[in-house]
Structures are given as structure tokens and as C-alpha cells.
Amino acid sequence: MNLLKQVILNKIEKYKHLPYGTVIIHAKHKKTKYQLFLLTDESVKNKTIINLLAKWRNHHQKWFPSQFKVTKEGTKKWLKEKVIEVPDRLLFMIRVNNKYLGHVGLFRFDFDNVMCELDNIVRGESTIPGIMTSACLEIMNWGKQKLGIKWYQLTTSSDNIKAVQLYQRLGFREVKRVLMVQVKKNGGTEWVEAKKNHSEKMTRYHLVMINKKIAFAGPSITEKEVEYAVEGVISGFYETYDQHAKKLEKAIADFLGVKYTIATHCCTLALHLACAAIGLKPGDEVICTDFSWIATAYSIVYTGATPVFVDIDPDTWCIDPKAIEKAVTKKTKAIMLVHTFGYPADMDEIMRIARKNNLKVIEDAAPALGAEYKGKKVGTIGDIGCFSFQGAKVTVTGEGGIFVTNDKKIYEKALMLATMGRTDSQAVFWSDSVGYQYTISNLSAALALAQVERIDELVAKKRQIFDWYYKRLKDFDRIKLIKEKKGYKSNYCYPSMLLNDDVLISREELLKKLRGLNIHARPAFPNMGQFPPFKNEFKSKLKFENPVATKVAKRGICLPAAANLTEDDVLFVCNSLKKIVS
Ligand SMILES: Cc1ncc(COP(=O)(O)O)c(C=O)c1O
């Protein structure tokens, strides 16, 4: 059985065998304290509960999938066989001041998507206004925290207006509408999906609603990741304390076709190693894109060298080679470029300028694992490449990074720096120069390794998401969708777009409206050169205006591209975007 499924089902099974009153969610609605009590196998013998359930079942029959004569015996049987004994079903009673008011549950777990249904939401007694909404939120949070549930689905009847409104308030949106007809069955009636030419008179729609957050980023975690993480816990100590870190370094070396790799605690530290390993020092200048996450620039600053910020190419949002050429001085020692959001930079031009001026090239490929430039993997073309395994990247482990190079000298220096300057040349623990403790933990490496072994599949999913966007947005004339250039292969870590000048709504207002629809897009980076450390302390080095980066900083957006998005999710994003922007 799938390990994740096993973990979740074991937990549920354990909870349901505990004495009634052991699993309680303590909650508060406005000033009222209340609890959610999990029904367990003991509850079947609890007369108060059975009586209440029977009363509520009778009262709310109309909205159930089938209608029948409710009895206490039947209710007891239902609770035992259809709730307690069902491995993926949980039901909580809502209790305020020792009085039960209703119930809410979780059911039908989908272990691949780590989601389930919000089930059996019944307001039993006329209650404190808003308490059902609060109870639904509480149980959904509990499911997230205890069982790792990512999002919820439910089915309701379109004519149950109050319920539909409640679910909308909870952030659910309709994703499917199914025509149902009422038929006679087993002495009662039942709602079944309508056939094409149905003749039944009683009809209604069942709405399928989901509250899935359309996340900006997020990984695909499968059984493999769970297995490797468990393996990391079990076997990541004693003689095998670094086995996953070593395997990760080898897996990346093989995937990229590079000679040397050093897995680090994060990419920022890999970038610092890169800057330090090429010998940057105070007084040196590094030509750096103005458009990136600040880690890019700070890794230069850590060595005392100065970043000189230059503009970007409007079609890739990566450093513009023409801008690099204008910025070269006698003090320039290196070029720091970024494969922004997974879109490759123009490496031929960058390498030509570097060779002409004897400069080192550091590729900040933090989000770009799997991207290619003219058939070569990005991160392997310059002197050093650095990648991130932070939680929003294509392959994640929460915090993690890797330094890659084909240059033996650079590698040896970086390795010494990454391990406290330790060489063991005179004695065990001998340190030959001031270094840092920058290496990755084996446990993080275990998870990263599972992800890297799935890199082709993960990149294919990102590219699929981009294709879904492209199909719907390519002809939408209010935005410019950034597409990979011919001969380049983006990994589309963060599919990007620019709002046209004639769009009146501000970027911030647009993002706020999208968030209101549970769509989490992100603004592009601000120009790093405008940050106080550079504006105030390094003022003299802000030589360039960088109009393209300034424009993208104000009007650029990265679209949601979490690994769990479906084509329907992307369709919803595109339709919402078009509606707001038009
Ligand atoms: C372009 C760029 N460089 C560097 C980093 C730093 O990576 P990490 O968070 O692994 O230190 C990031 C992280 O998002 C990034 O986007």
C-alpha cells in the first residue's frame, strides 16, 4: 500500500479506537468556546448521540442522496457500518456548553492528491449564527495539520441556497454541475445522475465544489519522497551519515553532466561559495542583473565586492548582454547572471563578453534545474552554477542548494570553504583557512534526491502548465506572456507575464482580486539596486537606470504553477484574469 495512504489510514484507525472524548478539537467562535468531538466505536453505544443523529437525519433527509424511513436502530447501524467502520471516514459532533448542535466530517480521501471531502455538514439545532462556518474551518485546519490534507471538495444541491452560500464563504468554488433525477428505490427514493433522455419529473443539480488554493508554487510529493525521507531518518547516521547527500551530489552531476558538485544548506550559500571560490574581494566589481531575489546580490556583498546592477532583456527578464558590455571596467572581475524564473539567459553572448574581458561567470540557476540553452543544461555553461531546492522550486526539500562546476581548482577551494576550511592536513579537525559550515543535512538531501530522480517528470509538468496558460493567453492583447526563445528550453518554474500599459487596474489591485478567488499569483521582483543597502551604502555603484527591470518590477506577474494544478485550475486562473483585466 502507498506509504502516505498507510500513514493517514493508520492515524484515522487509531483515533477511532480511542475512548470517546480523547480526540477533541477545541475552538472558539467570536466569544463562544466550543469543541468538536470525534465519534469513535464507543459512540455507537451512546444513546444521546444516536437519538440526536436520528432526529437530525430525519430532519435533513431532503438534502441526502437517498430518502428513507429513519429509525434509531437504522441510525446505530449507519453510524457503525457506514461511518466508524469505513477506514477513510471521520465524523465530529459540535458541542457548545455540553449541548450538541450538529456535526461535520471528512470522507473519501484521494491519497494521490492528498485531498478529501468535507462531509456530513449538518446543523442539528438552531444554533449560534456562524458556528457551522467556524466548525467547517476548524475541521479543515485539523485535517491539514493532523493528516496533511491539502484541499477539500464537497457536493451539495444547487437549491440548498444557504449551504451554497456557506461554502462560498468558506472559499469553495463550483467546478462541476451534474443533473440528478429522483427515482424510487428500496421503498424510498434516491437521487441518481440523469440519463440523456430522462423522463423523471423531480430534478436538481448537484454541485461539486472545491476550496483548492491555486498555489503559486508547491511540490509533487509521492510515495518515493516519503520513502526516502523515512530512509533518511532511519539510516542517515553512524557510518552512513552522509549517504543521501553523496547520492544527491552524484545524481545532479550525472543529470547535468558536470564533474564536481557540493550540496549546500541553501542556494544563497552555494552562491556565496561561488563568489568566494573565484577570489572576489573588496574593491572588485561584479556585473549583476538588477532583477532577482536579493540572495543573488548579497552573495557578492558577503565577499566585500560590489554588485553593479544592469538591465534585463524584455523577452526573457534575464541580464541583457548589451548592458553587460557597457558596465565593464578595470575593476570588473565577474558576471553574475540569473536564469530568471527558469527562463535561460543568453549564454553565448555572455560567455563571449566574459572571454573578451577575462571575467568569471557565475550562473544563478536557483529556479532553473532542467532548463536548457541551445541543448546545454543551464548552470553548466559558465564557471560555476548554483541551484536551489527551496520549497517553491521544481525540485524541493524545503531549504537546500547545490554548487556545480567543471573546474577542479574552484571546486577544491569551494569544498574547503564549505567545510570550515577543514583539510585534515595536519590532524583530524585541522582547519587551514577560515571557512563556513555550509553543507546540506543528510535528511534534507534524502528528500531532494527523491525529487531529483523525478526531474524529467517534474519539468514536464511545469511545461504542461505553461502550455495550458499559453493556449488561453497567447491572443489576449492586454498582457504579454513570456515564452521561451527559440532554441532555449525554459523549465517554466514560474510562468511570467507583463501587464500592458493600457491596463488601468494596478498590478497590486489585480493580485488582491485574484487572491480573493483563492488564486495566488506573485508580483515580480523589485529592482535590487533600489534597496537601502545599495541606495545608501553603495550609492556610487548605481550607475545605470535599468528601465526594463523597473517596468517589470511594477507590471510583472508570476502566475501560479504549483505541481498540483490541473488544466481546470489554469482555466479558472485565465478566465478570472481576463475578467478582471478587461
Ligand atoms: C534567483 C534566485 N537566486 C537565489 C535564490 C536563493 O535560494 P535559496 O533560498 O535556496 O537560498 C533564490 C531563491 O528563491 C532565487 O530565486
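This is a predicted model: local features need pLDDT of at least 70, side-chain atom pairs count only at pLDDT 80 or more; totals for chains, interfaces and linings use all residues.
Figure 1. The protein holds 18 helices and 24 strands. Its C-alpha atoms fill a box of roughly 90 × 65 × 45 Å, taken along the principal axes. Now look at the contacts in the protein with a separation of 6 or more. Residues 24 or more positions apart account for 67% of them.

**Figure 2. The shell around the ligand.** How many residues surround the ligand? There are 14, and the closest are C266, C267, T268, A366 and S388. Two helices, α8 (267-277) and α9 (295-301), each give at least two residues to this shell. Sorted by class, the shell has seven nonpolar residues, six polar ones and one charged one.

**Figure 3. Helices α14 and α18 where they cross.** Helix α14 covers residues 455-473, and helix α18 covers residues 567-581. Their axes come within 10 Å and cross at roughly 40 degrees. The two helices are therefore oblique to each other. The crossing of α14 and α18 is right-handed. From α14, the contact uses I465, W468, Y469, R472 and L473. From α18, it uses E567, V570, L571 and C574. Which classes do these residues belong to? Seven are nonpolar, none is polar and two are charged.

**Figure 4. Helices α2 and α3 where they cross.** Helix α2 spans residues 47-60, and helix α3 spans residues 72-84. Their axes come within 9 Å and cross at roughly 100 degrees. That makes α2 roughly perpendicular to α3. On the α2 side, find I50, N51, L53, A54 and R57. They meet K72, T75, K76 and L79 in α3. The contact of α2 with α3 includes four nonpolar, two polar and three charged residues.

**Figure 5. T340 in the loop between β14 and α11.** Is T340 buried or exposed? T340 has 31 C-beta neighbours inside 10 Å, so it counts as buried. Buried takes 20 or more. Which residues does T340 contact, leaving aside its neighbours within four places in sequence? They are F291, S292, T316, W317 and C318. Now find Y494, which sits 154 residues from T340 along the chain. The C-alpha atoms of T340 and Y494 are separated by 8.8 Å.

**Figure 6. F341 in the loop between β14 and α11.** F341 is buried, because 27 other C-beta atoms lie within 10 Å. Check its backbone too. Phi of F341 is near 55 degrees. That is a positive value in a residue other than glycine.

**Figure 7. D346 in the loop between β14 (332-338) and α11 (347-357).** D346 has 22 C-beta neighbours inside 10 Å, so it counts as buried. Not counting residues up to four places away in sequence, D346 touches D313, C318 and P321. Residue C318 is also among the contacts of T340. Next, find V301, which is 45 residues from D346 along the chain. The C-alpha atoms of D346 and V301 are separated by 25 Å.

**Figure 8. K374 in the loop between β16 (372-373) and β17 (376-377).** What is phi of K374 near? The value is near 45 degrees, which is positive in a residue other than glycine. K374 has 13 other C-beta atoms within 10 Å, so it is partly exposed. An exposed residue would have 12 or fewer.

**Figure 9. E42 in the loop between β2 (32-38) and α2.** E42 is partly exposed, because 16 other C-beta atoms lie within 10 Å. Which residues does E42 contact, leaving aside its neighbours within four places in sequence? The answer is P19 and Y20. P19 is 23 residues from E42 along the chain. The C-alpha atoms of E42 and P19 are separated by 6.6 Å.

Definitions and conventions. Residues are numbered from 1 along each chain as its sequence is written. Helices (H or I, at least four residues) and strands (E, at least two) are DSSP runs, numbered from the N terminus. Two residues are in contact if their C-beta atoms, placed from the backbone, lie within 7 Å. A residue is near a molecule or strand if its C-beta atom, placed from the backbone, lies within 6 Å of it. Ala, Val, Leu, Ile, Met, Phe, Trp, Tyr, Cys and Pro count as nonpolar, Asp, Glu, Lys and Arg as charged, and the others, Gly among them, as polar. Axes are lines fitted to C-alpha atoms, for helices over the stretch in contact, and angles run from 0 to 180 degrees between N-to-C directions. Angles under 35 degrees count as roughly parallel, over 145 as roughly antiparallel, 65 to 115 as roughly perpendicular and the rest as oblique. A crossing is left-handed if the near helix is turned anticlockwise from the far one by less than a right angle, and right-handed if clockwise.
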